There are 4 protein chains.
Amino acid sequence: MILFQSDYQEGADPSVLEALQKTNAEQSAGYGDDDLTALVKEQIRTLCEAPGADVHFFVGGTQANLTIIAAALKPFEGVISSDLGHINTHETGAVEATGHKVLTLPNANGKITADQIRRTYDGHVRDINHEHIVRPAMIYLSHPTELGTLYTRAELDAVHAAAQDCGLKLFIDGARLAYGIAADETVNLPYLASICDVFTIGGTKCGALFGEVAVLKSAQDWPHFRYHIKQRGALFAKGRLLAVQFQALLTDNRYVTLGREANEKARRIRQAFLGKGYSLLCDTKANQIFPVLPNGALEALGREFRFAFWEAVDAGHTAVRICVGVTTPEANVTALLRAVEALPRF
Amino acid sequence: MILFQSDYQEGADPSVLEALQKTNAEQSAGYGDDDLTALVKEQIRTLCEAPGADVHFFVGGTQANLTIIAAALKPFEGVISSDLGHINTHETGAVEATGHKVLTLPNANGKITADQIRRTYDGHVRDINHEHIVRPAMIYLSHPTELGTLYTRAELDAVHAAAQDCGLKLFIDGARLAYGIAADETVNLPYLASICDVFTIGGTKCGALFGEVAVLKSAQDWPHFRYHIKQRGALFAKGRLLAVQFQALLTDNRYVTLGREANEKARRIRQAFLGKGYSLLCDTKANQIFPVLPNGALEALGREFRFAFWEAVDAGHTAVRICVGVTTPEANVTALLRAVEALPRF
Amino acid sequence: MILFQSDYQEGADPSVLEALQKTNAEQSAGYGDDDLTALVKEQIRTLCEAPGADVHFFVGGTQANLTIIAAALKPFEGVISSDLGHINTHETGAVEATGHKVLTLPNANGKITADQIRRTYDGHVRDINHEHIVRPAMIYLSHPTELGTLYTRAELDAVHAAAQDCGLKLFIDGARLAYGIAADETVNLPYLASICDVFTIGGTKCGALFGEVAVLKSAQDWPHFRYHIKQRGALFAKGRLLAVQFQALLTDNRYVTLGREANEKARRIRQAFLGKGYSLLCDTKANQIFPVLPNGALEALGREFRFAFWEAVDAGHTAVRICVGVTTPEANVTALLRAVEALPRF
Amino acid sequence: MILFQSDYQEGADPSVLEALQKTNAEQSAGYGDDDLTALVKEQIRTLCEAPGADVHFFVGGTQANLTIIAAALKPFEGVISSDLGHINTHETGAVEATGHKVLTLPNANGKITADQIRRTYDGHVRDINHEHIVRPAMIYLSHPTELGTLYTRAELDAVHAAAQDCGLKLFIDGARLAYGIAADETVNLPYLASICDVFTIGGTKCGALFGEVAVLKSAQDWPHFRYHIKQRGALFAKGRLLAVQFQALLTDNRYVTLGREANEKARRIRQAFLGKGYSLLCDTKANQIFPVLPNGALEALGREFRFAFWEAVDAGHTAVRICVGVTTPEANVTALLRAVEALPRF
């Protein structure tokens with residue numbers, strides 16, 4: 001069985017494991033208080049053109065999200081998110097468990113707009129009973145989104161302007177950022193660092209064994225952040241291991257190069273489905289594909305391949321999610337292309 | 001500079017990295033829903049002689065502690081701990097952040113007693129205002145303790161009996177369990193599984209790159225436990241990586257063997273200090289040593305070695321903590337022995 | 001200015017103040033551990049025909065809601081509510097502050113249906129990733145609803161059946177229950193006690209100075225409930241004061257009688273608006289009215305009366321909320337009727 | 001049976017009930033947005049000589065404490081308290097339920113010192129692992145203390161200086177402040193407003209039916225405070241009722257006068273016990289007395305009077321707490337004096 005359900009199906013890009021192997025015997029201080037961690041943080045500040053940024057490493061995305069959001073909000077404040085936002089749908093209420101409401105907006109193609117955000121904020125402050133209502137204080141976006149789509153730079157500019165005007169913090173979850181940057185290089189690290197109060201650079205889904213980088217725009221706006229990390233159980237004992245992995249991935253633009261290769265594999269698969277006359281749930285340029293398959297085709301492919309069920313579109317069609325990642329073997333892609341090609345007419 | 005401050009100074013036992021390398025390209029389901037994870041869980045149940053146990057993997061200790069405790073307690077319940085307990089002193093209030101009070105008892109040599117526990121519980125239920133007071137519902141012990149000491153089997157039997165009589169859950173934190181079992185094999189996995197509602201088998205400090213195993217005595221007493229894990233940001237995406245590491249460590253009793261080798265190194269260091277006429281803050285048999293050093297000796301050793309400051313004993317003496325772990329190189333031990341030997345008279 | 005914005009505009013029904021006056025010098029134990037509290041609890045059990053129920057008093061509604069919900073749910077569980085549910089809209093995230101997500105369903109006339117609830121629950125358990133999603137565990141309804149509407153007995157039967165089938169707890173918020181029972185006596189105390197795991201009998205909006213009763217169907221399903229109350233700051237020091245008030249209100253069916261008188265006043269106001277040709281946002285039988293007023297009419301009435309703004313229906317019309325309560329003076333009603341009558345044509 | 005266990009045994013000072021009666025039919029906005037509340041807040045600012053203060057009303061003390069502390073602290077911060085502090089012992093972990101650790105210091109006569117506070121703070125910042133430890137950020141004192149003792153002005157000056165030097169907020173819980181001010185008028189409202197970031201003026205135990213005032217030194221340091229109040233279920237619907245009560249109590253210095261009368265009753269009782277040769281657990285000048293009674297005396301008095309058990313001092317003696325309050329009838333005091341006088345020799 002060949003797995004295309006998620007971005008977690010394999011281990012790491014070989015460069016990552018090699019770096020871990022090479023540095024394994026080195027001694028270093030714990031909890032990221034080591035020299036290599038300092039070096040890689042500086043490397044990331046440089047890549048982001050953000051010399052005043054604070055950089056921290058997390059093991060996983062939910063951990064990063066809950067720590068960042070809980071650190072940013074006062075008890076009565078909430079975070080605006082698309083209804084499909086990962087924090088709203090697939091983190092078992094991790095944000096609520098830190099005491100905060102997720103304020104959802106209906107998505108269009110996985111995205112929310114500056115206008116929706118402004119209306120939410122204005123509605124709050126104008127409500128005579130606003131003290132009885134959770135106060136919006138942060139915007140959470142995923143780029144690429146949970147539907148694999150991408151915000152354009154113009155859309156993000158507008159969201160940023162709304163955030164500034166309303167005094168909202170802007171947090172972009174970049175769990176799949178390698179694929180996002182590779183698909184549209186205008187939304188790159190320096191740009192994200194310029195518009196976000198905080199954003200993450202995903203490793204787990206982008207070639208690392210595990211790990212996410214959090215870039216906090218301005219260190220002085222996030223005082224004592226390591227206390228927050230430790231309190232949430234997210235201060236990794238052998239912190240150096242995270243730095244090692246991101247050093248391997250971020251050197252020589254490897255991160256984006258790997259993302260581009262995966263996007264190209266995804267493009268070929270997308271084309272194969274389109275060539276077969278199937279539609280897509282939404283048009284994606286990055287590493288996730290959401291083909292709408294006749295149930296017969298799904299059944300046929302299901303003998304050899306595993307996809308993530310997304311939704312029943314109608315009685316005869318099902319949308320699935322197919323993920324291609326940094327570590328997806330070319331052979332798996334070729335096998336899928338061949339199988340799609342060979343599908344009979346449904 | 002040679003580091004002896006903590007158990008995190010190096011990476012992993014070579015067997016662990018090798019196993020990660022060997023399985024890196026394999027595909028598997030995410031979040032520990034893979035075959036290898038199932039296999040290693042079964043292996044652990046077998047080692048614990050606990051066929052009805054539920055087994056889960058965590059990346060780190062604080063994460064495991066807060067998830068387990070928050071899952072076990074009702075909102076108004078608290079957890080009894082030594083005042084030196086890791087959850088009370090070095091987790092930045094992680095337990096309180098989940099809403100629960102840590103009910104501290106004064107330690108003796110890092111340990112608390114069955115009698116103290118009984119008095120705490122009895123005092124609560126007999127207090128006419130007990131509804132105004134946090135209800136004790138769980139006992140948290142570390143074995144080895146934060147002072148490197150070990151509970152005897154008789155002490156643990158008594159704690160277990162107190163837990164049973166008072167209806168308290170018993171949780172033993174085994175972050176350094178390899179060294180504990182190696183030092184006293186009567187407190188082994190089957191024994192712990194027989195007395196604890198939950199205990200952990202530490203990996204991070206015992207030869208893994210990272211990882212802790214939680215053994216929940218009886219699966220049906222911990223329903224829906226994976227929801228808890230996910231909510232706390234502790235469900236590791238590539239869950240298989242944890243199983244791979246523990247498979248490497250637990251096969252052929254390697255875990256205890258590695259612990260024994262480290263304890264032996266620690267013993268030699270301890271003897272060196274005792275041979276020099278220095279005392280120990282408390283007598284330890286496992287991998288942590290707390291020598292009380294004349295400040296001159298500390299200064300001299302400090303040129304080459306880094307220890308963890310523990311406490312100023314008097315104007316002229318300082319207690320430090322020295323950790324020896326699975327990955328501590330023999331060369332570092334030899335260097336330290338030589339340096340202690342060479343210390344002038346203070 | 002005459003106020004019709006809410007149910008809090010005046011103090012208490014005179015019978016309540018008189019009872020407080022009469023008993024003021026009496027000594028009693030604190031925190032509701034007194035004989036009168038025991039007596040009134042028994043009176044409520046009798047009225048509810050629920051001899052096994054546990055009865056508790058709260059000062060206010062948000063306090064009752066957050067305490068009850070936090071006591072009922074495990075950390076990873078959430079509560080299903082209408083999107084207009086008070087806990088979702090007007091409690092500043094009080095439920096989330098206890099760590100739980102409110103799972104919203106779109107309302108129709110302020111109500112949600114058994115079918116929506118079943119679909120939510122089924123969707124959860126059938127989702128292969130359900131451990132990543134907050135688990136629905138309780139249903140929260142308001143009766144009367146936030147739009148002043150009433151669930152029919154058939155609708156509540158269906159909700160109850162859904163709750164049973166899905167293993168969900170059913171919680172009905174009766175902040176305005178006096179008006180609800182008065183409007184439809186088939187949904188009375190014994191019926192509510194038979195279908196709910198917990199429901200409240202509102203005092204604050206129904207003639208008391210303050211106070212809500214929580215009826216917990218089965219005492220043994222809510223162990224240690226007073227610990228929860230105390231922890232949330234909701235254990236009222238002079239608990240007797242709550243019992244005194246509810247004794248005054250619940251004796252001789254006074255509670256429902258007072259509700260009926262208020263409903264009748266509301267009916268006359270409703271008729272006045274309808275007689276003028278204005279529509280209602282939704283049809284209500286209890287004490288809240290939501291007329292859709294031409295802006296000119298609103299402006300004219302606004303010189304003498306204050307209503308709660310509800311929503312701008314279109315450029316020329318505004319819906320407002322008018323509350324009539326137990327303590328609303330007849331003179332205020334007459335004045336409003338006269339003013340509506342006197343409105344010119346808009 | 002005559003009750004002396006607590007300050008909650010009766011209702012309110014007659015002036016309070018009269019004021020409630022007189023204003024019962026008046027209409028006003030809810031949630032304290034009414035004119036009377038504004039007036040009484042201004043009256044309190046004037047009494048405190050603190051024109052920039054923010055004033056809020058709470059129904060009860062635990063509610064006030066948890067709301068204030070949770071509003072003041074960041075997630076990783078804790079509050080320093082005496083080990084006997086009400087928040088540490090008798091609020092069922094209410095502070096922890098908001099996510100914060102109570103950092104306890106051993107009391108002497110119910111009090112903690114500036115020195116203890118400084119050592120705690122210094123110990124934290126100097127610890128190399130301070131990010132793993134809850135950060136002290138607020139000091140909580142009770143005045144009078146839980147043992148009925150009083151801080152001197154010099155002691156409070158020293159605590160205030162420590163708070164300033166360490167950047168800690170200072171919170172004084174004045175649940176029994178009427179008795180405190182009456183016993184030592186140098187620790188009065190203007191003084192408290194000058195040293196505290198926040199303090200409370202207790203009503204529940206000092207003649208009100210219920211209610212506590214929170215005086216927040218500087219409104220701009222506590223932004224959006226009403227959101228916090230609402231979120232914790234503490235925004236009282238008919239807010240005016242709290243203002244009415246405090247207007248009655250604070251006008252013409254009635255609050256302190258009532259406190260003085262109670263203290264005088266307590267003094268007479270204290271003298272009666274001392275005259276009998278019994279000792280006191282600690283010397284108190286305010287309304288609580290802690291006589292150490294021969295068990296025979298306790299049994300004899302227990303036939304007619306109820307006290308709060310405090311602790312078994314030795315096999316033959318028990319310390320009890322006796323509370324005299326604003327509403328304690330003179331007849332009860334006389335009866336107790338007579339009974340003590342009549343005690344045989346034990």
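C:Glu42 is partly exposed at 41% relative accessibility. The cut-offs: buried is under 20% relative accessible area, exposed is over 50%, and partly exposed lies in between, with a 1.4 Å probe and protein chains only. C:Glu42 forms a salt bridge with C:Arg45, closest N and O atoms 3.0 Å apart. By salt bridge I mean a side-chain nitrogen of Lys or Arg within 4 Å of a carboxyl oxygen of Asp or Glu. The two residues are three apart in helix 2 (residues 35–47) of chain C, so about one helical turn separates them. Helices (H or I, at least four residues) and strands (E, at least two) are DSSP runs, numbered from the N terminus. C:Arg45 is buried, at 17%.

Ground rules. This is a predicted model: local features need pLDDT of at least 70, side-chain atom pairs count only at pLDDT 80 or more, and totals for chains, interfaces and linings use all residues. Side-chain values use heavy atoms, without hydrogens and water, residues are numbered from 1 along each chain as its sequence is written, and chains are lettered from A and ligands numbered from 1 in the order written.

Next pair. C:Arg268 bridges to C:Glu330, with closest N and O atoms 2.7 Å apart. This one links distant parts of the chain: helix 12 (residues 254–275) and helix 14 (residues 330–341) of chain C, with the partners 62 residues apart. C:Arg268 is partly exposed, at 24%. C:Glu330 is partly exposed too, at 37%.

Now a network. Salt bridges with shared partners join A:Asp33, A:Arg226 and D:Glu131.

And the total? The count is 60 salt bridges over all chains.
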